[in-house]
Amino acid sequence: MPVQQNVPPKFALKVKAYITKFSKALAKKTAWATRELDKGIFADSLVCLNCGNELRTETDFYTSVCSSCTNHLPARRGRHCKYCGAYTVETDEKVCPDCKQTPPEFERVIAPFEYKGIAKQILVDYKKGGLKYLYLYIARFMTDHYKSNGFPADYVVYMPTTKRQRFLRGFNPLKKIAEFFSKSTGIPQIYPVYRSKNIPKHMAGTDRATRYESLYGVFSMNPNFSSDIIQDKVIILLNDTFNTGATENACARVLKENGASVVIIVAFARS
Ligand SMILES: [Zn+2]
Ligand SMILES: [Zn+2]
């Protein structure tokens, strides 16, 4: 009498293949989880945020970027417009042609880095990659740069987002940055403006005046906020990146219309 097999070989093979596939996937997931955990645990103290090498000096620990990578951060250098920060200034001028023609509502843009290379990567990892601990590095660079380049201010405001934006991203990238900035500069935070409309699609090739105008009405004054508070005050407006300046300009306009005297934009990177 032939020995009866409990499991048909074909089926056994199927099960084996399934288990292999499953364990491979599990191994992949475990490796990923370990990596993420490492980032979370060590990012603040031991490993360079950019290259992953061990951090050695106190300055390295502070910024969490090793000295060789710090040298490669795209620092903004050279002659630039005293209002918008653009590099397009003539030799003996302090203001760029755009600002001469269409002066912005803000008085200054303070940003330590160009929006490229490592600086851009950090922002992308933070905003899109969900590496939320990165807020600390971004906030530190912004705060330090403001402290060494800015002038005294009365209040800090961060660029308002819509509910939809916050929902899609799962968090507000500027909230924690603003908290850190406010705490370490001692400048109190206020919430005078909210975003009432979505920002229209970027209009490539249009001039500054048109771009600026297209965004008026995107921000409104918070109805629960008394504009007395900002009368003749210097306001810092925080944003992670400064691109064309149209959004910042529209927000600054609302602040100015309601009594603010000076608006300074502080960003991490300027494109
Ligand atoms: Zn490094
Ligand atoms: Zn300018």
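Q: Which residue in E6 does Tyr155 stand opposite?
A: Strands are DSSP runs (E, at least two residues), numbered from the N terminus, and two of them pair if DSSP finds at least two bridges between them. In this case, Tyr155 stands opposite Ile235 in E6, and E3 and E6 pair in the parallel sense over four bridges. This is a predicted model, in which local features need pLDDT of at least 70, side-chain atom pairs count only at pLDDT 80 or more, and totals for chains, interfaces and linings use all residues. Residues are numbered from 1 along each chain as its sequence is written, while chains are lettered from A and ligands numbered from 1 in the order in which they are written.

Q: Is E6 mostly covered or uncovered?
A: A residue is called buried if 20 or more other C-beta atoms, placed from the backbone, lie within 10 Å of its own. By that criterion four of the five residues of E6 are buried, and the strand is mostly covered.

Q: In what order do the four strands form the open sheet?
A: The order is E1-E8-E6-E3, with parallel pairing, and the edge strands, E1 (108–110) and E3 (155–158), each pair on one side only.

Terms used. Buried ≥ 20, exposed ≤ 12 C-beta atoms within 10 Å, placed from the backbone.
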